[in-house]
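Here is a report on the structure shown below.

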Amino acid sequence: MNLTRVDWLIMVLYFVFVLGIGFALKRFMKTSKDFFQAGRALPAWICGLAFISANLGAQEVIGMGASGAKYGLETAHFYGIGAIPAMVFVGIFMMPFYYGSKARSVPEFLRLRFDEKTRALNACSFAVMTVFSSGISMYAMARLIQTLHVFDGLFRALGWAPEGIFTFSICLSALIVLLYIFLGGLTSAIYNEVLQFFLIIAGFLPLVLLGLRNIGGWSGLKASVPVQYMHEWRGVAHASTNPMGIEIIGLGMGLGFVLGSGYWCTDFLVIQTAMASKNMVSARRVPLIAAIPKMFFPFLVILPGLLAIGLPTPHTHTVESTVNGAIVRETTVVRPEVEAGRGIVPAKVNPRTGEVMLDASGQPLLDYDLATPNMLLHFFPTGILGLGLTALLASFMSGMAGNVTAFNTVFTYDLYQSYIHKGGSDRHYLAVGRWATVGGILFSIATAYAAISFNDIMDTLQLVFSFVNAPLFATFLLGMFWKRATGHGAFAGLIAGTAAAMVHHGLTLPIEAHPGIHGGWIAVIHHYPSDMAQNFWGAIFAFSTNFIVAVIVSLCTKPRPEAELVGLVHSLTPKPPRAHSVWWKSPEALAVAILVVAVGLNIFFA
Amino acid sequence: MSLDLRIPMGLLFTLVGAILTVFGISTNSTPGFYDQSLGINANLWWGLVQLVFGLAMLYLGRRGQKQMEKQGLLPPDPHDEGDVRRGH
């Protein structure tokens, strides 16, 4: 990649502004509430855009592009089914309890509603997961920087060894994120997430427009990819008739009800932005405001992948021309992995032999993760290329930052203040939060390096996270809507749900996979048509087990007196006062409008 | 929070837009420079879009800041109010 001064100027400008915002916010960070909860004073639109950006890390941007290239428009289910209904649900039904309970974090809500041990379990697993996630984000960014040769020119100019690029990328991103969180806390993270939101649009909208123009518009795209790639719903009745290999029950229940809700309604990474808003009405609006751009993001993140597949594959060719009477032959040599690829998505290369990797049936394995980055390199001339790369870097860093602020809050409030040092001064906890940021980032760096040495660590970690996360939504659902649910029930349900997820994974295997990390490590009693189907059904089992165990144990244990549950359980909480004189300004009206548009989009792209 | 995000954000996009626009104009007649982007001067056009967006943000941010200051003059800051009560 050839970056020129203009590209660097744009990138450096972004870094300067990111740090500048941190420094400008430093003087407002007087109490721990300012640092951890952004003073609970931010406007709804800022929190709403941060709510969606917190999830829009680079793994999402790259991963959705990759999935678009691999499965086509069916990927949009992760938005239409996996996100929008859950975002509407958390805004309308759950936010009154999160925000109204005055809990400072999601684990703290669990303590208020259930008991200490449920909180401890959730806080510990969450803290570990955020640190690892931020490390994985860091690792992915350093690898992408290596692959795209972003810093190669800089390193050559400075006479440094190119082996240092990985370390340089990690240290640079860690240092920047550390500085701006250390200075400005959650406000800094949220502000940068909003900045990233607009940068992603600025970087990817022209990409989609140029790509569509090149391929001949929507009809041109339709003509250049297989027909099932252009339909979101075609063939979902049975797993064998759609690209992803899933069927409608697994999709609706597993992705929509369990996984989507589990993420958008319980993950403190996104909930923290809504809890930072200035009042109850704003807090309820935050996920709804986030749902509006979320509906249209498939066009920005999935379409580049689809376009990458649809473009013509470059081949080595010779152009003959006559210059001043002499015949000139110009040969463009294309590397074998590019020629073996599809569109501008190259094939994977074995790093040891340098040969193209093939799957079991002799077809080249495609490196789908390069779909979106290759689109940037293909269409952007220097100048706007700097903007595109900045958008990509911004999404990596804000993904890390969200994890780090979620970590420092949960560590300080739910672990340190609760179990290590009670009754300290507010200044003390503010300082602890700042140093927890440093600690969290150091652990993330360690994770990133561990990922180089142990190849499987990323897959293993993500697998373990899915075991822990899958049953979570049942606990919150019971807690908020069933006053009889008890702490013992919730705790037992969570443990049982996680165990069920593990057992399910150990007993099932996607077809064409070998027992091991993909499942079947106990014994194989069932084959799924795809790993996605296995994942969705695992979530359904975990959720159901949690639900059933929690109900049974709750019925056998003593309930808490109802007076203690006011503001925490739906039936015991007075309805929020209607602050709006006009009905169409209420969050409910917005929610209905969002659902109507979402259904409309699904019908249109069915 | 007394830092309106729209001001630094507007400033960033204005600067990026200005850089891209100027760069786009200076490279407009360079042959082959915009072959990649299908002959469209992506820097110039997208730079202008950024510039307009940045300036609009800046304008809204400045207006918001002014309104906040105006309101700040009339009712006392909620933090100060708390301090006064404690004093009684």
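Ala598(A) touches Gly80(A), Ile84(A) and Met295(A), leaving aside residues up to four places away in sequence. Two residues are in contact if their C-beta atoms, placed from the backbone, lie within 7 Å. Ala598(A) sits in helix 24 (residues 587-604) of chain A. Helices (H or I, at least four residues) and strands (E, at least two) are DSSP runs, numbered from the N terminus. Ala598(A) counts as buried, with 22 C-beta neighbours inside 10 Å. A residue is buried if 20 or more other C-beta atoms lie within 10 Å of its own, exposed if 12 or fewer, and partly exposed in between, with C-beta atoms placed from the backbone. The C-alpha atoms of Ala598(A) and Val524(A) are separated by 39 Å, and the two residues are 74 apart along the chain.

This is a predicted model: local features need pLDDT of at least 70, side-chain atom pairs count only at pLDDT 80 or more, and totals for chains, interfaces and linings use all residues. Residues are numbered from 1 along each chain as its sequence is written, while chains are lettered from A and ligands numbered from 1 in the order in which they are written.

## Helix 14

Met295(A), one of the residues touched by Ala598(A), marks a kink of about 40 degrees in helix 14 of chain A.

Helix 14 (residues 280-301) of chain A has 22 residues. From first C-alpha to last it reaches 32 Å, close to the 32 Å expected at 1.5 Å a residue. The expected span is 1.5 Å times one less than the number of residues. Of the 22 residues of helix 14 of chain A, 16 are buried, so the helix is largely enclosed by the rest of the structure.

## Helix 10

How far apart are the end C-alpha atoms of helix 10 of chain A? They are only 35 Å apart, although the helix has 51 residues. A straight helix would reach 75 Å at 1.5 Å a residue. Helix 10 of chain A also has a kink of about 125 degrees, centred on Gly184(A). Just after helix 10 of chain A, Gly216(A) takes a positive phi of about 95 degrees.

Val177(A) belongs to helix 10 of chain A. It counts as buried, with 32 C-beta neighbours inside 10 Å. Val177(A) touches Met397(A), Met400(A), Ala401(A), Val404(A) and Ile441(A), not counting residues up to four places away in sequence. Val177(A) and Ala189(A) are twelve residues apart along the chain, and their C-alpha atoms are separated by 8.7 Å.

## Helix 4 against helix 18

Helix 4 (residues 58-71) of chain A and helix 18 of chain A pack at an angle of about 125 degrees. Their axes are 7 Å apart. Axes are lines fitted to C-alpha atoms, for helices over the stretch in contact, and angles run from 0 to 180 degrees between N-to-C directions. The two helices are therefore oblique to each other. Angles under 35 degrees count as roughly parallel, over 145 as roughly antiparallel, 65 to 115 as roughly perpendicular and the rest as oblique.

Helix 4 of chain A contributes Ala58(A), Gln59(A) and Val61(A) to the contact. Helix 18 of chain A contributes Leu392(A), Ser395(A), Phe396(A) and Gly399(A). By class, this contact has four nonpolar, three polar and no charged residues. Ala, Val, Leu, Ile, Met, Phe, Trp, Tyr, Cys and Pro count as nonpolar, Asp, Glu, Lys and Arg as charged, and the others, Gly among them, as polar.

## Chain A meets chain B

Contact between the chains involves 30 residues of chain A and 22 residues of chain B. Helix 1 (5-26), helix 10 (165-215) and helix 18 (384-420) of chain A each supply at least two residues of the side that touches chain B. Helix 10 of chain A gives the largest share, ten residues. The side of chain A that touches chain B divides into 24 nonpolar, five polar and one charged.

Chain B has three helices and zero strands. Of its 88 residues, 28% count as buried.

Definitions and conventions. Bend = angle between axes of the 7 residues up to and from the residue.
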